[in-house]
Amino acid sequence: MADQSPVALVTGASHGIGPYIARSLAGAGYRLILTGRSASELDALADELNALAVPADLTRPEDLAALVEAAERELGGVDVLVNNAGGDPQREFEAMTWRENASILELNLIVPMRLTHLLLPGMLRRGRGHVVNISSIAGRVSFPYTEAYAAAKDGLIGFTRVLRNDFRGRGVSASVVVLGAIRDAGQGQRTADELGLKLPVMGTSPAGAVARAVLAAIKRDRAEIVVMPGPGRLIKALMDLFPGLGPAMNQAVGANATMRSVIERRKQPAKVA
Ligand SMILES: NC(=O)c1ccc[n+]([C@@H]2O[C@H](COP(=O)([O-])OP(=O)(O)OC[C@H]3O[C@@H](n4cnc5c(N)ncnc54)[C@H](OP(=O)(O)O)[C@@H]3O)[C@@H](O)[C@H]2O)c1
């Protein structure tokens with residue numbers, strides 16, 4: 001008899017936090033479809049997890065269509081979609097062209113919405129499904145130089161809430177996992193390594209905590225999980241109650257100065273080996 005285990009599609013599975021999420025879903029018995037642009041990294045993880053690797057640039061509509069078609073053809077559809085692919089070029093809002101700002105919105109907001117739009121009909125037909133969107137606390141804490149990224153990640157929170165409201169009664173739920181600073185893997189860790197900084201254990205969460213949160217969001221059908229040390233959701237709520245707190249905190253903990261040096265580095269032309 002064909003394997004009846006549920007199928008999960010993880011975007012951004014080639015590196016960073018994505019492989020942690022993929023391993024945790026594989027451990028929970030999901031059959032996996034892994035996607036990202038880096039084919040060799042995807043293939044290595046797919047070999048390890050006995051998964052299907054489908055390399056794709058998710059900002060290309062034809063790649064999105066091919067990904068969904070491969071999921072239907074090879075595994076009969078997708079039960080769980082984890083919209084994890086995302087990131088920020090760490091450059092100043094006004095120094096980027098409008099197209100560059102728009103492409104941040106595209107990767108971090110439009111792509112997750114578009115992929116959900118493509119997969120939702122199949123989920124509704126089968127009467128089961130769960131969309132997990134990986135968002136960020138960036139907007140709530142006014143994290144420096146993230147205007148477009150923060151707008152996209154806050155947009156993802158609103159999108160998830162309404163999606164959850166509209167389709168849960170028909171078997172398709174949605175959760176948002178809102179990340180603070182993450183260590184061990186991903187963009188924050190890479191930036192710290194580049195600057196020669198050690199990410200403090202206090203104030204950051206390990207990448208494994210994101211993987212556990214994704215699993216908990218699905219299993220316990222949670223509307224929102226905040227992955228931050230301490231009472232994450234309370235901290236997020238406080239930031240909404242006192243919006244002036246974020247900028248004051250960024251100044252006090254040196255986030256403005258650190259990100260200023262990152263922005264300056266991004267202005268330098270890349271070194272040719
Ligand atoms: N790290 C943190 O501290 C942190 C904090 C808050 C939120 N987050 C969120 O967590 C998620 C994972 O971040 P991360 O830190 O693991 O980032 P990362 O290390 O930069 O990895 C990003 C992933 O997205 C994929 N990706 C990027 N552009 C893509 C495109 N056009 N098409 C297909 N795949 C693409 C990358 O694969 P390829 O390069 O192979 O395409 C990679 O697998 C993101 O949504 C991020 O915004 C992270």
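Predicted model: local features only at pLDDT ≥ 70, side-chain atom pairs only at ≥ 80, totals over all residues.

Author: As for handedness, H3 passes H4 in a right-handed crossing. If you want to find the contact on screen, look on the H3 side for Pro61, Leu64, Leu67, Val68 and Glu72. On the H4 side, they meet Arg114, Leu115, Leu118, Leu119, Arg125 and Arg126. Sorted by class, this contact of H3 with H4 has 7 nonpolar and 4 charged residues, with no polar ones.

Now for another pair, H1 and H2. Helix H1 takes in residues 18-27 and helix H2 residues 39-49, and the two pack at an angle of about 20° with 11 Å between their axes. That angle makes H1 roughly parallel to H2. H1 also goes past H2 in a right-handed crossing. Here Pro19, Ala22, Arg23 and Ala26 are the H1 residues, and they meet Leu45, Glu48 and Leu49 in H2. The class count for the contact of H1 with H2 comes to 5 nonpolar residues, 2 charged ones and no polar ones.

On to the ligand. There are 30 residues around the ligand, and the ones that come nearest are Ser14, Arg37, Ser38, Asn84 and Tyr149. For Tyr149, an N or O atom in the side chain is 2.6 Å from an oxygen atom of the ligand. The side chain of Lys153 also has an N or O atom facing a ligand oxygen in this list, at 2.8 Å. With Ile182 the backbone is what counts: one of its backbone N or O atoms lies 3.1 Å from an oxygen atom of the ligand.

Last, the backbone spots. Tyr145 isn't a glycine, yet its phi is positive, at about 60°. You'll find Tyr145 in the loop that runs between strand S5 (129-136) and helix H5 (147-167). Asp184 isn't a glycine either, and has a positive phi of about 85°. Its place is the loop between strand S7 (182-183) and helix H6 (187-195).

Definitions and conventions: Residues numbered from 1 in each chain as written. Heavy atoms only, no water. Left-handed = near helix turned anticlockwise from the far one by under 90°. Helix = DSSP H or I, 4+ residues; strand = E, 2+ residues; numbered from the N terminus. Contact = heavy atoms within 4.5 Å. Nonpolar A, V, L, I, M, F, W, Y, C, P; charged D, E, K, R; others polar. Near = heavy atom within 4 Å. Polar contact = N/O pair within 3.5 Å; in protein donor to acceptor, adjacent residues only side chain to side chain. Axes fitted to C-alpha atoms, helices over the stretch in contact; angles between N-to-C directions. Parallel < 35°, antiparallel > 145°, perpendicular 65-115°, else oblique.
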